[in-house]
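Please keep the sequence and the 3D view open while reading.

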Amino acid sequence: MPGTPPTRYVYLGPEGTFTEQALRTIPAAERGSRIPARSVPEALDAVRSGEADAALVPLENSVGGAVPVTLDELATGTPLVITREVVLPVEFQLAAARLIPLHEIRTVAAHPQASAQCRAFLRTHLPDAAVVDVLSNAAAAIAAAAGEYDAAICAPIGVPRNRLTVLADKIADRPDAVTRFALLSRPAPPGAPSGDDITSLAVSIAHDRVGALLAVLTELAVRGINLSRIESRPTGEQLGIYVFFLDCTGHVAEARLGEALQGLRRICADVRFLGSYPRHRWSAAETVRPTDPPTGLSNHDFADSAAWLARLRAGEPA
């Protein structure tokens with residue numbers, strides 16, 4: 001993100017959830033203020049109104065898929081742009097206020113998504129326990145700490161915060177599950193290309209035109225741009241009208257992606273730019289390995305052809 005990093009952060013609360021844990025992986029957020037919001041719209045409206053500089057909200061989960069409310073907010077209202085993504089492993093723990101044998105547990109507090117991702121563990125180790133739905137992973141930890149329930153399924157960040165004892169670690173059915181979060185700010189010039197970037201778009205097409213979606217994909221394919229994600233959401237206007245969310249490899253400052261955006265602008269009913277930002281890297285030492293485009297479709301090839309055309313138009317030797 002160019003310029004001065006944000007100092008006032010808001011995130012989908014409450015405290016002690018995976019979103020707070022993800023936010024605290026950002027050095028500037030660790031130094032700045034962090035305020036929980038009650039919902040994704042509330043978090044993003046705080047940025048739109050200027051009450052906060054940036055908001056971190058969940059975008060998609062590798063098990064549960066996209067977060068619909070986040071996509072809907074990105075497609076409507078005053079525009080915001082993604083300046084960073086954070087990908088966090090989803091590791092659930094079974095914790096309690098004191099050390100207790102698993103066979104003595106009769107009630108477990110859990111957010112419905114958490115218990116759904118830990119079904120195998122619950123079925124195998126706590127077959128007789130009643131799983132009680134609560135509003136968040138943080139609420140589960142707080143309730144277990146208060147003695148309202150024998151145990152809780154919670155995020156690791158909630159264990160020390162509520163002085164709980166871990167009874168079982170990494171209890172999710174899929175140990176490699178991750179959640180992707182987006183850091184959103186008010187529109188500003190994007191940072192310089194990193195060499196391994198993602199550009200996100202929300203695209204509306206003419207629903208009554210044959211091949212409209214194919215035309216969108218063709219604008220990317222003919223320029224060697226990889227489409228890493230596509231997701232559709234109904235607009236709410238009428239049945240059959242959708243907005244498509246696209247994640248493309250590349251940066252808006254690069255010639256070939258710039259050409260693709262111009263092409264999409266010409267053929268689509270609407271194109272909303274959602275940001276160009278570096279792909280998540282698990283560590284600063286991780287090697288960037290951008291995918292090589294086909295011959296003739298590199299950024300250098302596009303810049304060279306643009307310079308050639310400029311010389312032709314100027315009457316200079318080509």
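## Terms and basis

The model is predicted, so local features need pLDDT of at least 70 and side-chain atom pairs count only at pLDDT 80 or more, while totals for chains, interfaces and linings use all residues. Residues are numbered from 1 along each chain as its sequence is written, and side-chain values use heavy atoms, with hydrogens and water left out.

Helices (H or I, at least four residues) and strands (E, at least two) are DSSP runs, numbered from the N terminus.

## The cavity

On a 1 Å grid over the protein atoms alone, a cavity is a set of points where a 1.4 Å probe fits but cannot get out; a pocket is an open set with protein on both sides within 12 Å along at least five of seven lines; lining residues have an atom within 4 Å of a point. Grid points are joined across faces, edges and corners, and a volume is the space filled by probe spheres set on the points.

The count comes to one cavity of 30 Å³ or more. The largest cavity holds about 60 Å³ of space. It is lined by 13 residues, with Ser200, Arg229, Phe245, Asp247 and Leu274 closest to its centre. Helix 4 (68-75), strand 12 (197-204), strand 14 (242-249) and strand 15 (270-278) each give two or more residues to this lining. Strand 14 gives the most, with three. By class, the lining of the largest cavity has nine nonpolar, one polar and three charged residues.

## The second largest pocket

About 660 Å³ of space lies in the second largest pocket. Its lining has 29 residues; Leu12, Pro58, His111, Gln113 and Asn137 lie nearest the centre. Elements supplying at least two residues each include helix 1 (18-23), helix 3 (40-48) and strand 3 (54-61).

Axes are lines fitted to C-alpha atoms, for helices over the stretch in contact, and angles run from 0 to 180 degrees between N-to-C directions. Angles under 35 degrees count as roughly parallel, over 145 as roughly antiparallel, 65 to 115 as roughly perpendicular and the rest as oblique.

Helix 3 and helix 4 pack at about 30°, with axes 9 Å apart. The two are therefore roughly parallel to each other. Val40, Pro41, Leu44 and Arg48 of helix 3 make the contact (heavy atoms within 4.5 Å) with Val69, Thr70 and Glu73 of helix 4. That contact has four nonpolar, one polar and two charged residues.

## Helix 10 and its partners

Helix 9 (residues 212-221) packs against helix 10 (residues 255-267) at an angle of about 165°, their axes 9 Å apart. That makes helix 9 roughly antiparallel to helix 10. From helix 9, Ala215, Val216, Glu219 and Leu220 meet Ala260, Gly263, Leu264, Arg266 and Ile267 in helix 10. The classes here are six nonpolar, one polar and two charged.

Helix 10 also packs with helix 11 (residues 299-313), at about 70° and with axes 7 Å apart. These helices are therefore roughly perpendicular to each other. Ala255, Arg256 and Glu259 of helix 10 touch Asn299, Phe302 and Ala303 of helix 11. This contact has three nonpolar, one polar and two charged residues.

Note on methods: Ala, Val, Leu, Ile, Met, Phe, Trp, Tyr, Cys and Pro count as nonpolar, Asp, Glu, Lys and Arg as charged, and the others, Gly among them, as polar.
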